Amino acid sequence: MRTRILSPFIPPVSQIGFGVWTVATTWWGVKDASLGVSLLREARELGINFYDTADVYGKGLGETILAEAFGKKLNDLVVATKLGYDWESTEERTGHGELPQDWSPSFIRRACEGSLKRLRRDWIDLYQLHNPRMEVVRSAEIRETLEGLKKEGKIREYAAALGPDIGWFEEGRVAIEEAKYPVLQVIYSLLEQEPTASLLPHAEHRGTRLIVRVPHASGLLDGSYNPDKHFEKSDHRNHRKELWMKAGLEAVSLLKEVLSGRRALSQSAILFCLNPSSVATVLPNFTELDPMREFVESAEKPPLSTDEILKIKELWKNHLASRLTQPFADSRSKPTPKRLAA
């Protein structure tokens, strides 16, 4: 597995990382705990050394499962986790509705200590703000608190994980240009190119490193999405199935015409995300062993050619952008969760 630099304070990370949410939540992933542990361990055998999780995943399970899977060997891996949601003092969430957030210095420190305890480690490699709004991204107090944790050796680097959906260009621009966050986690794929494509020049200019999640666009680009399959109400693909998924299936057919047959579509999707120099690692969704091996093999496949990249950009600009962004037209009007700061 080839590696890239995520931060000078963190060991080089594998180009393909493991998004632990798939083995720590029941939304759309692995419900068998033993399979989840097996996937984590097999990923390490395949060369993956970067594991991205969050304290809120499975109410702490996203961190404890790493400690269970690797024990003391977890210290040899690069672990990123997230904070911000007050999940410990909140009643059960409804569907995918956001929990209240707390960004006070005392909460940040308490959350950090909780994560360290669950991970059974003395430090966190990358500590990420989980879905921060603009006022959080701009907050000097929050950055000072994170810098304090860094000086104390409890975290090695910090970042902002933007979301929960796409459409966070301004937050990303401010995080890069004004707040100068060294790392951002973003959504980016052949079918969800914006707003990350517009953030890439800013990241390149400032030297900001990117972590890309959902490279397969909720299963459309890896063949796991079946339009005839019934999804549980808690599955986020239900909410946009009628509009976005239909447009996405049509877009996949067009993309196949401009991509080389030297790789599986799932592999081309990952290589597209790895093409920008600012991207350090990509997080496919791992739920089964065979697809995981196929995804990991992407790193050994021929990179996308200049001609392929140009055709993809032309296809996006002339045909796909309008079809695939319209279903999200109102997604940025979501209310901010209560208790953003104490």
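1. Helix packing of α2 and α3. In this predicted model, helix α2 (residues 61-70) packs against helix α3 (residues 105-119) at an angle of about 30 degrees, and their axes are 7 Å apart. The two helices are therefore roughly parallel to each other, since angles under 35 degrees count as such. On the α2 side the contact is made by Glu63, Thr64, Leu66 and Ala67, and on the α3 side by Ser115, Arg118 and Leu119. Sorted by class, this contact comprises 3 nonpolar, 2 polar and 2 charged residues.

2. Placement of α3 on the sheet. Besides its contact with α2, helix α3 lies across β5, β6 and β7. Its direction runs at about 135 degrees to β6.

3. Sheet architecture. The strands in question belong to an open sheet of 8 strands, ordered β3-β4-β5-β6-β7-β8-β9-β10, with parallel pairing. Strands β3 and β10 stand at the edges with a single partner strand each, so one side of each has no neighbour in the sheet. Strands of a sheet pair through backbone hydrogen bonds, either parallel or antiparallel.

4. Strand β6. How many of the residues of strand β6 are buried? For β6 (residues 124-130) the count is 7 of the 7 residues, so this strand is largely enclosed by the rest of the structure. Strand β5 (residues 78-83) is joined to β6 by 4 bridges, and the two run parallel; here Leu83 stands opposite Leu129 of β6. Towards β7 there are 6 bridges, again with the strands running parallel, and Leu126 stands opposite Glu157 in β7.

5. From β7 to β8. Strands β7 and β8 run parallel and are joined by 2 bridges. Ala160 has Leu184 in β8 as its bridge partner.

6. Helix α9. Helix α9 (residues 265-274) packs on the sheet, where it touches β9 (209-213) and β10. The direction of α9 makes about 150 degrees with that of β10.

7. Helix α6. The buried residues in α6 are Glu171, Gly172, Val174, Ala175, Ile176 and Glu177. The buried residues of α6 pack against α4 (134-138), β8 and α7 (196-206).

8. Aromatic pairs. The structure holds 6 aromatic pairs. One of them is formed by Phe18 and Phe286, edge-to-face, at 5.0 Å centre to centre with 65 degrees between the planes. Phe18 lies in strand β3 (residues 18-19), while Phe286 lies in the loop between β10 (279-283) and α10 (289-296), so the pair ties together parts that are 268 residues apart in sequence. Phe18 is buried, with a relative accessible area of 0%, and Phe286 is buried with a relative accessible area of 0%. A further edge-to-face pair consists of Tyr158 and Tyr181, at 5.7 Å centre to centre and with 85 degrees between the planes. Tyr158 belongs to strand β7 (residues 155-161) and Tyr181 to the loop between α6 (169-177) and β8 (183-187), so this pair links parts that are 23 residues apart in sequence. Both Tyr158 and Tyr181 are buried.

9. Aromatic cluster. Which residues form one aromatic cluster? The members are Phe18, Tyr51, Phe70, Phe286 and Phe295. Phe18 contributes from strand β3 and Phe286 from the loop between β10 and α10.

10. Cis peptide bonds. A cis peptide bond joins Gly163 and Pro164, with omega about 15 degrees; Pro164 is in the loop between β7 and α6. Another cis peptide bond joins Glu194 and Pro195, with omega about 10 degrees, and Pro195 is in the loop between β8 and α7.

11. Positive phi values. Which value does phi of Lys180 lie near? For Lys180 phi is near 60 degrees, a positive value in a residue other than glycine. Lys180 is located in the loop between α6 and β8, the loop that also holds Tyr181. Phi of Val214 is near 55 degrees, likewise positive in a residue other than glycine. Val214 sits in the loop between β9 and α8 (241-258). Is Val214 buried or exposed? Val214 has a relative accessible area of 17% and is buried, because the cut-off for that term is under 20%.

Note on methods:
Residues are numbered from 1 along each chain as its sequence is written. This is a predicted model: local features need pLDDT of at least 70, side-chain atom pairs count only at pLDDT 80 or more; totals for chains, interfaces and linings use all residues. Side-chain values use heavy atoms; hydrogens and water are left out. Rings of Phe, Tyr and Trp (its six-membered ring) pair if their centres lie within 6.5 Å; planes under 30 degrees apart count as stacked, over 60 as edge-to-face and the rest as tilted. Buried means under 20% relative accessible area, exposed over 50%, partly exposed in between (1.4 Å probe, protein chains only). Two strands pair if DSSP finds at least two bridges between them. Axes are lines fitted to C-alpha atoms, for helices over the stretch in contact, and angles run from 0 to 180 degrees between N-to-C directions. Angles under 35 degrees count as roughly parallel, over 145 as roughly antiparallel, 65 to 115 as roughly perpendicular and the rest as oblique. Contact means heavy atoms within 4.5 Å. Ala, Val, Leu, Ile, Met, Phe, Trp, Tyr, Cys and Pro count as nonpolar, Asp, Glu, Lys and Arg as charged, and the others, Gly among them, as polar.
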